[in-house]
Amino acid sequence: MDTPKTILLVEDDVFLRDLLAKKVGLEGFDIISASSGADAFSKCGDVVPSLVLLDLLLPDMNGLEVLKRFREDERLKDVPVLILSNIDQEADKIEAKRLGVEGFMVKSDVLPQEIINKIREIFSL
């Protein structure tokens with residue numbers, strides 16, 4: 001990896017956010033953490049991430065709403081998004097796919113290394 005890729009991690013669970021940030025950061029990625037949808041948009045004010053890891057259950061808005069707003073934003077519309085959620089609803093998966101996500105992973109079903117493997121696949125590393 002020549003230039004580090006910046007990953008925006010949008011996760012309200014502090015333990016999981018810190019764990020994923022550490023694991024993904026150890027792989028050589030720059031991590032920006034956000035605890036809510038509003039926080040995610042504020043963090044994108046200065047930087048356009050290379051990838052967004054997005055939870056669906058956030059304290060201020062549904063992750064799908066965050067995704068819709070990303071897709072409507074000229075600066076952020078082409079940023080790849082990987083959904084990481086414990087919600088395993090088919091309707092959410094269909095809507096996420098319609099909005100062009102790179103994947104949908106159920107957090108309780110995957111190990112951090114599997115998430116890292118998916119990130120590497122998205123970046124073709």
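Me: Buried means under 20% relative accessible area, exposed over 50% and partly exposed in between (1.4 Å probe, protein chains only). Which are the buried residues of H3?

Reply: This is a predicted model, where local features need pLDDT of at least 70 and side-chain atom pairs pLDDT 80 or more, while totals for chains, interfaces and linings use all residues. Numbering runs from 1 along each chain as its sequence is written, and side-chain values use heavy atoms, without hydrogens or water. Helices (H or I, at least four residues) and strands (E, at least two) are DSSP runs numbered from the N terminus. In H3, the buried ones are Gly63, Leu64, Val66, Leu67, Phe70 and Arg71. They sit on the same side of H3, because their arc around the axis is only 155° (taken from the directions from the helix axis to the C-beta atoms).

Me: What covers the buried residues of H3?

Reply: Think contacts, meaning heavy atoms within 4.5 Å. The cover includes E1, H2, E3, E4 and helix H4 (90-98).

Me: And which residue caps the N-terminal end of H3?

Reply: Look for a polar contact: N or O atoms within 3.5 Å, and within protein one must be able to donate a hydrogen and the other to accept it, with sequence neighbours counting only if both atoms are side-chain atoms. Here Asn62 does the capping, with a side-chain oxygen 2.5 Å from the backbone nitrogen of Leu64. Ser36 is buried at 12% relative accessible area, and beyond four places in sequence it touches Val10, Leu58, Pro59 and Asp60.

Me: Which residues touch the most other members of the largest nonpolar core?

Reply: A nonpolar core joins buried Ala, Val, Leu, Ile, Met, Phe, Trp, Tyr and Cys residues through side-chain atoms within 4.5 Å. The largest has 25 residues, and Leu8, Val10, Val52, Leu54, Phe70 and Ile83 touch the most other members. At least two core residues come from each of strand E1 (6-10), helix H2 (37-43), strand E3 (51-54), helix H3 (63-72), strand E4 (81-85) and strand E5 (103-106). H3 gives the largest share, four residues. Apart from this core lies another, of 17 residues, including Phe29, Leu51, Met105 and Phe123.

Me: How many aromatic pairs does the structure hold?

Reply: Phe, Tyr and Trp rings (six-membered ring for Trp) pair if their centres lie within 6.5 Å; planes under 30 degrees apart are stacked, over 60 edge-to-face, and the rest tilted. There are two pairs. Phe29 and Phe123 are tilted, at 5.7 Å centre to centre and 35° between planes. Phe41 is in helix H2 and Phe70 in helix H3, 29 residues apart. Phe41 is buried at 17% relative accessible area, and Phe70 is buried at 1%.

Me: Which charged end sits over the ring of Phe41?

Reply: The test is NZ of Lys or CZ of Arg within 6 Å of the ring centre and within 35 degrees of the ring normal. For Phe41 that's Arg69, 4.3 Å from the ring centre. Over the ring of Phe123 sits the charged end of Lys5, 5.3 Å from its centre.
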